[in-house]
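Please walk me through this protein and its ligand.

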Amino acid sequence: MSTRRYSVAVIPGDGIGQEVIPEGVATLQLAAELHGGFTFDLTSYPWGCRYYLEHGRMMPPDGMRRLRDHEVIYFGACGWPAEVPDHISLWGLILPIRKEFDQYVNLRPARLLPGVRGPLRDKRPADVDFVCVRENTEGEYAGVGGRVHVGTAHEVAIQSAVFSRFATERIIRYAFDLARTRPRKRVLSVTKSNAQQYSAVFWDEVFAQVSRDYPDVTATQGLVDAVAAAFVTKPEALDVVVASNLFADILTDLGGALMGSLGLPPSANIDPERRFPSLFEPVHGSAPDIAGKGIANPIATIWSGAMMLEFLGEAEAARALLAAIDAVTANGTARTPDLGGTATTADVGAAIRSALAAQAR
Ligand code: GGG
């Protein structure tokens, strides 16, 4: 008999979010059935760009209050630039959720899955296996700035990055704590402190201070341009990478590329103190170019579901789900076009559920 119930807000959002989230939900429900003793109370919210076109906002005025009643949020993608400018959709939905719910950790693993050919010659799964810890509430995405003399030759636009000691220290501590749980126990901090003499030098100082509390963890620092190159030339040196909102946003798309497709990397937007719901979403966006074709890769979304299970304390189900994903990529029978195959979103979802069921037999 089921004992644990988790309240999940489901926001498929825009574009391929509408296609990958149903596969994620079906897979999570099967994982709950098979690995037991828990169920989900799912509430779906039709928020996103279509909602914006009807209502003039990305979510209703009481949207945040309604989300607050849930333990976790399962999110697809945000953005439909043909009809709604991206800065409107982002600042109307995903960014307020991350900030108001103080989901200050954006965890983004990068791992070359078995059977997937990444773009790097000679790199095997053991060589690409790291996790990025992205500061998720301030930095370059603090939303501080403005424009004056708009449309004139004298127009000025200012976008200020904000780095507080409180937020910088807590994200760096999270990265060190995470490194302690991993075999290699390494943290690389990424800034651009040769050019950004205030905020990045400040970040480097906080990193150096925090690192003294973790003598068992190897701490190194790098400049973002050099680190971007190292992602490609020496990914095997990476373990935990901690960076600001913008730098980690960029580096994790590069991480997805190293994995062989942006259809693969998952993410978790976490409030580690659990005061608010945490949010789980694929790293990829709404992919308007393939939306509606039924060929989006659902693996990033299903893997994000596994991160949600882990966060909820359902470690066995999370492990089983990851093993099912690995089994499907390893045997190569169901691959969407981003991985060179002809399978549909539904085919890959079904293959992962078959693998999950097969493990449980
Ligand atoms: N599922 C991720 C998503 O919708 N991404 C849209 C995007 O560009 N987000 C920016 C960000 O992750 O900060």
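Predicted model: local features only at pLDDT ≥ 70, side-chain atom pairs only at ≥ 80, totals over all residues.

Residues are numbered from 1 along each chain as its sequence is written, and side-chain values use heavy atoms, with hydrogens and water left out.

The ligand lies between domain 1 (1-103 + 262-361) and domain 2 (118-259), because both give residues to the shell around it. The domain bounds come from an automatic or database domain assignment. Around the ligand are 14 residues, each with a heavy atom within 4 Å of it. Cys 78, Arg 98, Arg 134, Pro 282 and His 284 come nearest.

Now the polar contacts (pairs of N or O atoms within 3.5 Å; within protein, one must be able to donate a hydrogen and the other to accept it, and residues adjacent in sequence count only if both atoms are side-chain atoms). A backbone polar atom of His 284 sits 2.8 Å from a ligand nitrogen. The side chain of Glu 281 places a polar atom 3.0 Å from a ligand nitrogen. For Arg 108, a side-chain N or O atom is 3.4 Å from a ligand oxygen.

Now Asn 136. This residue is buried, with a relative accessible area of 2%; buried means under 20% (1.4 Å probe, protein chains only). Its side chain makes a polar contact of 2.8 Å with the side chain of Asn 269. Beyond four places in sequence, Asn 136 has contacts (heavy atoms within 4.5 Å) that include Arg 98, Tyr 104 and Asn 245.

Conventions
Buried < 20%, exposed > 50% of the residue type's maximum accessible area, 1.4 Å probe, protein only.
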